[in-house]
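Visitor: I would like to go through this model piece by piece. Please show it, and then I will ask.

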Amino acid sequence: MKICSVMKGLYCRAVSDAEPKFVIQEMTLPDVLTSHQVRVQVKACGLSPLDFKLLRDVGMQRDLIPVGREVAGVVLQVGPKVTFFQPEDEVVGILPLDSSFSGLCEVIDTDEYYLVQKPEKLSSVCVAGVLRDGLCAYSALHTHARMAAGHTLLVTDGASSFGLMCIQLACYHGAKVLTTSHSPQNHTFLEQLRPSVARVIPVYNSSSDLLSVVMEETGGLGVDIVVDSGVHLHEEEEEVESEEKKLLPHKHDIISVLGVGGHWVTSHQDLQLDPPDCRLLYLKSASVSFLNPEVWTASSSQQGRYLHILKDIVEKMSSGVLRPQPEEAVPLYEATVAMETVQRHPKKKAVVQL
């Protein structure tokens with residue numbers, strides 16, 4: 001196969017105090033691969049919102065930021081010291097934050113240490129669309145919360161892609177799962193899940209008191225683990241927040257539903273705990289940890305563990321343990337519009353088929 005040395009990919013031109021602009025830009029492939037690099041023909045690429053604040057904090061601000069990092073494809077060529085792969089292997093992985101390639105380029109170069117083998121019966125579109133959420137769920141439940149059989153979990157917004165991964169992973173390991181629903185449609189979907197969750201708590205009509213329902217389900221003991229998809233920090237926020245954010249639980253509710261020795265895994269970057277919140281956590285001997293999946297590719301200290309996690313995720317997807325909601329792939333020419341939507345609505349998912 002003859003490879004064109006100039007590729008077109010999707011990039012973001014970030015402008016301070018303005019909406020980010022997504023543009024198609026040309027990228028040139030190097031003539032020679034370095035020792036551990038792999039050249040991959042991309043078949044599908046998942047789109048996730050760009051975190052400009054994180055990029056700024058870690059010193060990775062650029063004029064053009066590559067878009068699309070969750071990729072699935074076929075190995076075309078390997079560097080001289082590559083040991084994990086050979087040409088024609090099907091692979092999947094997440095490009096690192098400092099990658100110069102957009103995952104929407106037809107061909108990309110990346111280190112072999114960011115990729116794992118893709119099971120043959122697992123579709124490229126399926127795995128590229130939910131790999132990031134699978135990694136987040138695995139990190140939350142295993143790395144942070146040390147989930148074990150018999151634990152009781154509360155997963156907020158269980159119908160989201162991330163929430164669904166958490167529920168299925170927890171059920172597989174023998175945990176009791178409670179979850180919240182954000183709409184009547186989501187409520188019906190969650191109640192029909194198999195394996196089933198112990199309780200679906202509707203929060204869209206203000207008819208359910210989260211604390212009382214959780215205490216009823218746990219015999220007054222509270223849950224061992226809470227995994228959130230964001231939280232309310234202050235009551236007065238409700239007047240100015242969007243409808244979607246109004247459905248998020250308050251931080252005091254989350255702390256209140258934790259049992260003794262419980263663990264709260266939060267996705268809220270700017271969580272603020274007041275002295276009364278800390279006092280309640282202290283009385284329960286409970287803990288809080290922050291879920292930032294970027295640490296896996298930002299640091300090489302846990303590289304082996306990271307690859308083990310990725311491999312386990314794709315194997316569980318292949319065997320049917322993890323069953324994500326199917327995403328309809330969008331063609332490459334619609335990628336710019338799809339990314340604009342994902343950036344404005346971070347919980348929406350999009351996957352581009354190349």
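Visitor: In which loop does Lys118 lie?
Guide: This is a predicted model, in which local features need pLDDT of at least 70, side-chain atom pairs count only at pLDDT 80 or more, and totals for chains, interfaces and linings use all residues. Residues are numbered from 1 along each chain as its sequence is written, and side-chain values use heavy atoms, with hydrogens and water left out. Helices (H or I, at least four residues) and strands (E, at least two) are DSSP runs numbered from the N terminus. On that numbering, Lys118 lies in the loop between strand 8 and helix 2.

Visitor: Is Lys118 buried or exposed?
Guide: Buried means under 20% relative accessible area, exposed over 50%, and partly exposed in between (1.4 Å probe, protein chains only). The relative accessible area of Lys118 is 6%, so Lys118 is buried.

Visitor: Which backbone oxygen does the side chain of Lys118 reach?
Guide: A polar contact is a pair of N or O atoms within 3.5 Å; within protein, one must be able to donate a hydrogen and the other to accept it, and residues adjacent in sequence count only if both atoms are side-chain atoms. At 2.5 Å, the side chain of Lys118 reaches the backbone oxygen of Leu122.

Visitor: Which residues is Pro119 in contact with, leaving aside neighbours within four places in sequence?
Guide: Pro119 is found in the loop between strand 8 (115–117) and helix 2. Contact means heavy atoms within 4.5 Å. With neighbours within four places in sequence left aside, Pro119 is in contact with Val314 and Ser318.

Visitor: Which buried residues does helix 10 have, and what do they pack against?
Guide: Helix 10 covers residues 303–319. Its buried residues are Gln303, Tyr306, Leu307, Ile309, Leu310, Asp312, Ile313, Val314, Lys316, Met317 and Ser318. These pack against strand 6 (90–94), strand 8, helix 2, helix 3 and helix 9 (295–298).

Visitor: Why is helix 2 described as largely enclosed by the rest of the structure?
Guide: Helix 2 runs over residues 124–144. It is largely enclosed because, of its 21 residues, the number buried is 19.

Visitor: At which residue does helix 2 bend?
Guide: The bend at a residue is the angle between axes fitted to the seven residues ending there and the seven starting there. For helix 2 this angle is about 50°, and the residue is Val130.

Visitor: Which backbone nitrogen does the side chain of Gln168 reach?
Guide: Gln168 lies in helix 3 (residues 161–172) and, at 7% relative accessibility, counts as buried. Not counting residues up to four places away in sequence, Gln168 touches Val321, Leu322, Arg323 and Pro324. At 2.7 Å, its side chain reaches the backbone nitrogen of Arg323.

Visitor: How many residues of domain 2 are in contact with domain 1?
Guide: Domain bounds come from an automatic or database domain assignment, which gives domain 1 (6–129 + 296–353) and domain 2 (149–290). Their centres, taken over C-alpha atoms, are separated by 30 Å. On the domain 1 side 10 residues take part in the contact, and on the domain 2 side 17.

Visitor: Over which residues does pLDDT stay under 50?
Guide: pLDDT is the predictor's confidence in each residue, from 0 to 100. The mean over the chain is 88, and 94% of residues reach 70 or more. The model has 4 contacts beyond four places in sequence for the stretch under 50, which is residues 236–240.

Key
Expected span 1.5 Å × (residues − 1).
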